Amino acid sequence: PDALTVRDLQAMAAEAAAAPVIAQRGRSRAAHLHLIDLLSRWGGSGLAAVAAATIFIAATIARGEPLRAGVWAAIVFAALYLCRRYRKEFRRGDKIASRPFRWRAYYTSTVSVVSAAFGAGAFLLAVPAAGAARIEIFAVLIVATLAAAGLHSAYRQTALAAALPASFFIAAAALRAEGITAISLAAIFVLAGGAAGVWIASGRIGKAADRRFPRTGL
């Protein structure tokens, strides 16, 4: 290096500046953090949708089965309490906020528990019901499940955790209660179409974050 002149150094700098930029693969940390922030903000509305649907079903459609409705609501709200607490701790800047990726993993696991507990209502309430009440319970469960998944679409794994467990229980309960009929097939079709829509929306949100916070050579 001592033998290089100023012109040599200038030539080396010009050559380095003219070199093609190698695209970096993967998502930048800034994009990940942005999506985690969206997840923590939108997730509250998703949990609220599940809570509202639980109260509506237990208090109106399934009021004829108070014991079953009470047990199911207690299970769902116990899972919701844990999930909401994780979200609240992150939003207010508690210790877990310094580990956003670990929080995302914890939150995703609790969302899957909420989804499984919520979907279990299809077996506890919809299967014993009959006629219009059964269809109403299935409809509310499906709408709330897809709404919760859509509001967690900032992170695809969390959206799937919100959708798949409940969808499995609802589809299985529909087949058990109705058999292979137009009603059960319609429920499965709506769940599958909604899950596909959430998958697409999650991909678009991720691409928007990648464009806003691109990965750099640094």
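1. A pocket here is an open set of grid points with protein on both sides within 12 Å along at least five of seven lines. In this predicted model, the largest pocket holds about 160 Å³ of space.

2. Thirteen residues, written 13 in the count, line the largest pocket. Nearest its centre lie Arg 27, Arg 156, Ser 202, Gly 203 and Gly 206. Helix 2, helix 7 and helix 8 (182-212) each supply at least two residues of this lining. Helix 8 gives the most, with five residues.

3. The volume of the largest cavity is about 70 Å³. Its lining has 13 residues, and the closest to the centre are Val 50, Val 114, Ser 115, Ala 148 and Ala 162.

4. Four helices each supply at least two residues of the lining of the largest cavity: helix 2 (29-61), helix 4 (100-119), helix 6 (131-150) and helix 7 (156-178). The largest share, four residues, comes from helix 4. The lining of the largest cavity has nine nonpolar residues, four polar and no charged.

5. Leu 4 sits in the segment before helix 1 (6-18). Is Leu 4 buried, partly exposed or exposed? Leu 4 counts as partly exposed because its relative accessibility is 39%, and partly exposed covers the range between under 20% (buried) and over 50% (exposed).

Technical notes. Residues are numbered from 1 along each chain as its sequence is written. This is a predicted model: local features need pLDDT of at least 70, side-chain atom pairs count only at pLDDT 80 or more; totals for chains, interfaces and linings use all residues. Side-chain values use heavy atoms; hydrogens and water are left out. On a 1 Å grid over the protein atoms alone, a cavity is a set of points where a 1.4 Å probe fits but cannot get out, and a pocket is an open set with protein on both sides within 12 Å along at least five of seven lines; lining residues have an atom within 4 Å of a point. Grid points are joined across faces, edges and corners, and a volume is the space filled by probe spheres set on the points. Ala, Val, Leu, Ile, Met, Phe, Trp, Tyr, Cys and Pro count as nonpolar, Asp, Glu, Lys and Arg as charged, and the others, Gly among them, as polar. Buried means under 20% relative accessible area, exposed over 50%, partly exposed in between (1.4 Å probe, protein chains only).
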